[in-house]
Amino acid sequence: MSQTKGARLFREAWIAGVRRHFPGEPKPGYLTPWDDTPQWEREAAGSVYEQVRHFVEISGGCTARLSREQKGRFVATCWTAQMFRHFDEPKPGYVADWPDLPAWQQETDADIFEAIEKPLG
């Protein structure tokens with residue numbers, strides 16, 4: 001899968017996760033379609049997709065044995081690194097550590113990992 005297709009998969013998994021896990025009405029920006037997503041965010045999504053894909057591949061598919069929390073933490077950590085790459089001073093919510101993320105975001109991050117992992121396994 002190309003990085004662009006991977007980035008789109010990441011974004012689609014994010015939107016699906018927000019719809020599934022967010023309590024109440026999410027911010028419109030959380031549901032922005034791909035074509036309206038800012039370039040920095042597309043690049044970050046593509047990079048995180050590649051990091052997860054590579055991790056799954058070099059693990060020989062054994063990432064299926066990771067817990068949902070471990071999967072979500074991996075996505076969250078990769079995303080945090082991208083925020084530092086794209087912003088000199090990112091918003092605190094963009095770089096929050098795992099325990100400080102809301103439950104809906106933790107679940108969404110785990111969903112993203114599994115969406116990337118599934119076609120590879």
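1. Let me start with Arg-53, which touches Ile-116 and Leu-120 once residues up to four places away in sequence are set aside. Arg-53 sits in helix H2. With a relative accessibility of 18%, Arg-53 counts as buried, because the cut-off for that label is under 20%. Please keep in mind that this is a predicted model. Arg-53 is also 9.7 Å from Met-1, C-alpha to C-alpha, although the two are 52 residues apart in sequence.

2. The partner Ile-116 deserves a look of its own. Ile-116 belongs to helix H4, and its relative accessibility is 1%, so Ile-116 counts as buried. Leaving out residues up to four places away in sequence, Ile-116 touches Leu-9, Phe-10, Tyr-49, Val-52 and Arg-53. Ile-116 and Pro-23 are 93 residues apart in sequence, and their C-alpha atoms are 24 Å apart in space.

3. How many of the 15 residues of H4 are buried? Eleven are, so H4 is largely enclosed by the rest of the structure. The buried set is Trp-104, Gln-105, Gln-106, Thr-108, Asp-109, Ala-110, Asp-111, Ile-112, Phe-113, Ile-116 and Glu-117. If you click through them, you will find that the buried residues of H4 pack against H1, H2 and H3. The end-to-end C-alpha distance of H4 is 21 Å for its 15 residues, close to the 21 Å expected at 1.5 Å a residue.

4. Helix H1 covers residues 3-21. At 1.5 Å a residue, its 19 residues should span 27 Å, and the end C-alpha atoms are 26 Å apart, which agrees. Buried residues in H1 are Gly-6, Ala-7, Leu-9, Phe-10, Arg-11, Ala-13, Trp-14, Ile-15, Gly-17 and Val-18. They pack against H2 (39-58), H3 (68-86) and H4 (103-117).

5. A pair of packed helices is described by the angle between the two axes and the distance between them. The axes of H1 and H4 come within 8 Å and cross at roughly 140 degrees, and the two helices are therefore oblique to each other. H1 passes H4 in a right-handed crossing. On the H1 side, the contact uses Leu-9, Phe-10, Ala-13, Trp-14, Gly-17, Val-18, Arg-20 and His-21. On the H4 side are Trp-104, Gln-105, Glu-107, Thr-108, Asp-109, Asp-111, Ile-112, Ala-115 and Ile-116. By class, the residues of this H1 and H4 contact are nine nonpolar, four polar and four charged.

6. What is the orientation of H1 and H2 to each other? Their axes come within 8 Å and cross at roughly 95 degrees, so H1 and H2 are roughly perpendicular to each other. H1 contributes Gln-3, Gly-6, Ala-7, Leu-9, Phe-10 and Arg-11, while H2 contributes Glu-41, Arg-42, Ala-45, Gly-46, Ser-47, Val-48, Tyr-49 and Glu-50. The residues of the contact of H1 with H2 comprise six nonpolar, four polar and four charged.

7. H2 and H3 pack at an angle of about 140 degrees, with their axes 9 Å apart. H2 and H3 are therefore oblique to each other, and their crossing is right-handed. From H2, the contact draws on Trp-40, Glu-41, Glu-43, Ala-44, Ala-45, Ser-47, Val-48, Gln-51, Val-52 and Phe-55. These meet Phe-74, Val-75, Cys-78, Trp-79, Gln-82, Met-83, Arg-85 and His-86 of H3. The class breakdown for the contact of H2 with H3 is eleven nonpolar, four polar and three charged.

8. At 15% relative accessibility, Ser-47 counts as buried. Beyond residues up to four places away in sequence, Ser-47 touches Gln-3, Gln-82 and Arg-85. Ser-47 is among the H2 residues in the contact with H1, and it is also listed in the contact with H3.

9. Finally, H3 itself. H3 has 19 residues and reaches 27 Å from its first C-alpha to its last, close to the 27 Å expected at 1.5 Å a residue. Its buried residues are Lys-71, Gly-72, Val-75, Ala-76, Cys-78, Trp-79, Thr-80, Gln-82 and Met-83. What do the buried residues of H3 pack against? They pack against H1, H2 and H4.

Key:
Residues numbered from 1 in each chain as written. Predicted model: local features only at pLDDT ≥ 70, side-chain atom pairs only at ≥ 80, totals over all residues. Heavy atoms only, no water. Helix = DSSP H or I, 4+ residues; strand = E, 2+ residues; numbered from the N terminus. Expected span 1.5 Å × (residues − 1). Buried < 20%, exposed > 50% of the residue type's maximum accessible area, 1.4 Å probe, protein only. Contact = heavy atoms within 4.5 Å. Axes fitted to C-alpha atoms, helices over the stretch in contact; angles between N-to-C directions. Parallel < 35°, antiparallel > 145°, perpendicular 65-115°, else oblique. Left-handed = near helix turned anticlockwise from the far one by under 90°. Nonpolar A, V, L, I, M, F, W, Y, C, P; charged D, E, K, R; others polar.
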